[in-house]
Amino acid sequence: MSYQIRSISFPARSSHHPIILRIESELNKLRSWQHDHLEAASSSTVAESVFFSLSRLEELHDCMDEILRLQSTQQTLSKPQHSSFVDSLLDASLKLLDVCTSSRDAMLVIKERVQDLQAAMRRRRLQADSSPEMILSNYICFRKRMKKDAKRYMALLKQIEAELEGSLLPQHPDHQLLSLMRAVKDVILANTSIFESLLVFVSAQESKTKKAASKWSLAARFMTKDNNKCVSNEFAALDAELCRVGKGTIIMSGSEIQSMMNGVEMIVDGMESSLERVFRCLIKTRASFLNIRSH
């Protein structure tokens, strides 16, 4: 399976601020790790890469915030000729916060639904208003809603990408300014790609567009070469098995289903913690953009 990775170009290294070089290094590290660990495109490596990518987002935001807090950066980007670029960053940061918050909340609901199912399977006899059938139905209905929400947020991420790609950088800036603006833009685009990958993975849905394969994001790696369908993962497997349970066509034993739910719960716990940390990073980044806008 071959993957095309988005190219990130910079001016001559001699013009770079050390923090910009760190951002470039983190982006290259992210691309390299994804390429090395996702050749097999297996469920476990995809999950590992989502976790790794979220952790690298924290480092990327730390680097970006460090340079955005510099007085020279704030004075330069606050100039009227850069207001459109800063506005696009502000808009992107708000939308990313929306996606991150919704994804984090979805993790909480999945964990609650899975824990309810686990309790129902253990106890077998429940109150009339919390029957196993109702709990199972609630989980399946939530997952269907989640798939719809994921598609909506993926469209929002595509919108962010399109707006940022369409935002014009100054035609004749000094190399230091140009490298700064490109680095900030690339960090935001890394956010959109990683969040898209997370949504594809957690919602366990098929990707209908071949356009995703041209991205350096993880989402391109979730698709098989032949039919562009997502690689089966823990979420997809549990969804399929619980749907069979609901139809009375159970294939797995109760212990096997419990094991599947335990696996999903472990992933969800990790995702929830990672998203909470990324959420705090996004808050800081948005505050930095607001400070520049009001400088």
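Residues 24 or more positions apart account for 80% of the contacts in the protein with a separation of 6 or more, a contact being heavy atoms within 4.5 Å. This is a predicted model, in which local features need pLDDT of at least 70 and side-chain atom pairs count only at pLDDT 80 or more, while totals for chains, interfaces and linings use all residues. Residues are numbered from 1 along each chain as its sequence is written, and side-chain values use heavy atoms, with hydrogens and water left out.

The secondary structure comes to eight helices and zero strands, giving the pattern α-α-α-α-α-α-α-α along the sequence. Helices (H or I, at least four residues) and strands (E, at least two) are DSSP runs, numbered from the N terminus. Of the 295 residues, 51% count as buried. Buried means under 20% relative accessible area, exposed means over 50%, and partly exposed lies in between, with a 1.4 Å probe and protein chains only.

Helix α6 covers residues 175-203, and S203 lies in this helix. S203 is buried, with a relative accessible area of 1%. A polar atom of the S203 side chain lies 2.5 Å from the backbone oxygen of L199. That is within the limit for a polar contact, a pair of N or O atoms within 3.5 Å; within protein, one must be able to donate a hydrogen and the other to accept it, and residues adjacent in sequence count only if both atoms are side-chain atoms. Leaving aside neighbours within four places in sequence, S203 is in contact with R143, K147 and A150.

Helix α7 runs over residues 234-246. Its 13 residues reach 18 Å from first C-alpha to last, close to the 18 Å expected at 1.5 Å a residue; the expected span is 1.5 Å times one less than the number of residues. At the start of α7, a side-chain oxygen of N233 comes to within 2.8 Å of the backbone nitrogen of F235. The buried residues of α7 include F235, L238, D239, E241 and L242. An α-helix has 3.6 residues a turn, so residues three or four places apart point the same way. Just after α7, G248 takes a positive phi of about 80 degrees.

A search of the whole structure finds one aromatic pair. Rings of Phe, Tyr and Trp (its six-membered ring) pair if their centres lie within 6.5 Å; planes under 30 degrees apart count as stacked, over 60 as edge-to-face and the rest as tilted. The pair links distant parts of the chain, with F201 in helix α6 and F235 in helix α7, 34 residues apart. F201 is buried at a relative accessible area of 1%, and F235 is buried at 0%.

Charges also sit over rings. The charged end of R104 is over the ring of F279, 4.5 Å from its centre, and that of R152 is over the ring of Y153, 4.6 Å from its centre. The criterion is NZ of Lys or CZ of Arg within 6 Å of the ring centre and within 35 degrees of the ring normal.

The structure holds zero disulfides, a disulfide being a pair of cysteine sulfur atoms within 2.5 Å. For C243, the nearest cysteine sulfur is that of C141, 9.9 Å away; C243 is partly exposed, with a relative accessible area of 33%. The sulfur of C281 is 9.1 Å from the closest cysteine sulfur, in C100, and therefore too far for a bond. C281 is buried, with a relative accessible area of 9%.
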